[in-house]
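Okay, thanks everyone, I'll keep this short. Let me put the thing up on the screen and then we'll walk through it piece by piece.

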Amino acid sequence: MKINIILFISNIFLICLPLNSWAQAANEITIFAASSLTDAVKEIGNNYQKKTGYKIVYSFASSALLAKQIEAGAKADIIMTADSDWTQYLQSRNLIKPQSRFDLLGGHLVLIAPKNANVNLKIAKNFPIAQYLGAQGKIAIADPSYVPAGKYAQTALVKFGVWDSLQNQIIRTENVRMALNYVAHGEANLGIVYKSDAFVEPDIKIVSEFPDNSHKAIIYPLSLTINASSQAQSFYDYLKSPYAMGVFGRYGFNAAAEVLTEERKK
């Protein structure tokens with residue numbers, strides 16, 4: 001069922017692409033990245049363009065959709081997913097260069113609400129999130145059947161004993177940025193997103209942060225695709241540079257090594 005859902009969404013998206021959308025000019029480097037990386041990757045990529053003259057072409061979507069597009073033949077040089085599973089999916093199909101796979105970033109999960117909401121929820125065992133929402137309230141999360149942010153959210157809510165009580169109130173979205181938008185536009189009373197997403201949206205506020213031990217470590221692997229152009233190596237290296245890590249830090253990301261160190265302490 002999970003794969004069928006992903007294939008259905010992927011096929012719709014792929015059909016809508018123009019026939020020349022996978023072509024690539026000689027001076028272009030194409031990066032596919034999880035939607036939660038949008039603002040940081042664009043800032044880094046735009047700076048790289050100014051320094052080198054290469055054009056960076058961006059594609060942001062859920063990690064699942066990006067992986068399925070690459071599997072279907074989409075031209076990408078670099079891929080950054082929001083979990084290890086979808087990178088492993090590509091590696092198992094020989095679609096990335098395994099020696100290039102590098103755990104670059106780590107993240108955190110937060111509960112958010114519209115900025116003017118009167119909400120005081122502290123994440124704990126059986127915390128009263130369903131009572132706060134009431135019969136008509138909604139919580140937006142990325143679809144946990146295939147989107148990493150949703151999988152992390154479901155795991156955390158199960159751990160705190162509240163997942164089952166929310167089944168009639170969950171809005172499942174195609175990616176984490178869509179969940180963020182539901183809350184920012186007042187179409188959902190609460191949402192669960194990455195802390196980095198909350199940093200870029202002025203119309204929401206962080207209600208509480210999920211403990212890192214409530215879900216699998218949030219890791220963003222960076223990889224070169226198997227058909228990456230020769231010029232892509234330079235931008236790949238630039239994404240690992242101190243400058244780039246500083247930009248990622250401003251958007252609420254940590255180095256993956258920090259998150260993995262905490263994971264080993266659990």
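So, aspartate 143: leaving aside its neighbours within four places in sequence, what is it in contact with? Gly150, Arg172 and Thr173. This is a predicted model, by the way, so keep that in mind throughout. Aspartate 143 sits in the loop between E6 and H6. Is it buried or exposed? Its relative accessible area is 15%, and under 20% counts as buried, so aspartate 143 is buried. Also have a look at valine 176: in sequence it is 33 residues from aspartate 143, while the C-alpha to C-alpha distance is 8.4 Å.

Helix H6 covers residues 148-159. The buried residues of H6 are Pro148, Ala149, Gly150, Lys151, Tyr152, Ala153, Ala156 and Leu157. As a reminder, an α-helix has 3.6 residues a turn, so residues three or four places apart point the same way. After H6 you get glycine 161, which has a positive phi, near 75 degrees.

One more stop in E9: serine 208. Serine 208 has a relative accessible area of 12%, so it counts as buried too. Not counting residues up to four places away in sequence, serine 208 touches Val110, Leu111, Leu121, Lys122 and Ile123.

Okay, other sheet. This open sheet has 6 strands, in the order E2-E1-E3-E10-E4-E11, again with mixed pairing. E2 (55-61) and E11 (254-255) each have a single partner strand, so one side of each is left without a neighbour in the sheet. E1, residues 28-34, pairs with E2 in the parallel sense over 7 bridges, and isoleucine 29 stands opposite isoleucine 56 in E2. Helix H2, residues 38-52, lies across E1, E2 and E3, at about 170 degrees to E2. Helix H10, residues 242-250, packs on the sheet too, touching E3, E4 and E11, with its direction about 25 degrees from that of E4.

Last thing, a helix pair. H3 (residues 63-71) and H4 (residues 84-92) pack with their axes 9 Å apart, at an angle of about 10 degrees. Angles under 35 degrees count as roughly parallel, so that's what we call H3 and H4. On the H3 side the contact is made by Ser63, Ala64, Ala67, Lys68, Ile70 and Glu71, and on the H4 side by Trp86, Tyr89 and Leu90. Sorted by type, that contact has 6 nonpolar, 1 polar and 2 charged residues.

That's my tour, over to you.

Definitions and conventions: Residues numbered from 1 in each chain as written. Predicted model: local features only at pLDDT ≥ 70, side-chain atom pairs only at ≥ 80, totals over all residues. Heavy atoms only, no water. Axes fitted to C-alpha atoms, helices over the stretch in contact; angles between N-to-C directions. Helix = DSSP H or I, 4+ residues; strand = E, 2+ residues; numbered from the N terminus. Parallel < 35°, antiparallel > 145°, perpendicular 65-115°, else oblique. Contact = heavy atoms within 4.5 Å. Nonpolar A, V, L, I, M, F, W, Y, C, P; charged D, E, K, R; others polar. Expected span 1.5 Å × (residues − 1). Buried < 20%, exposed > 50% of the residue type's maximum accessible area, 1.4 Å probe, protein only. Pairing = 2+ DSSP bridges.
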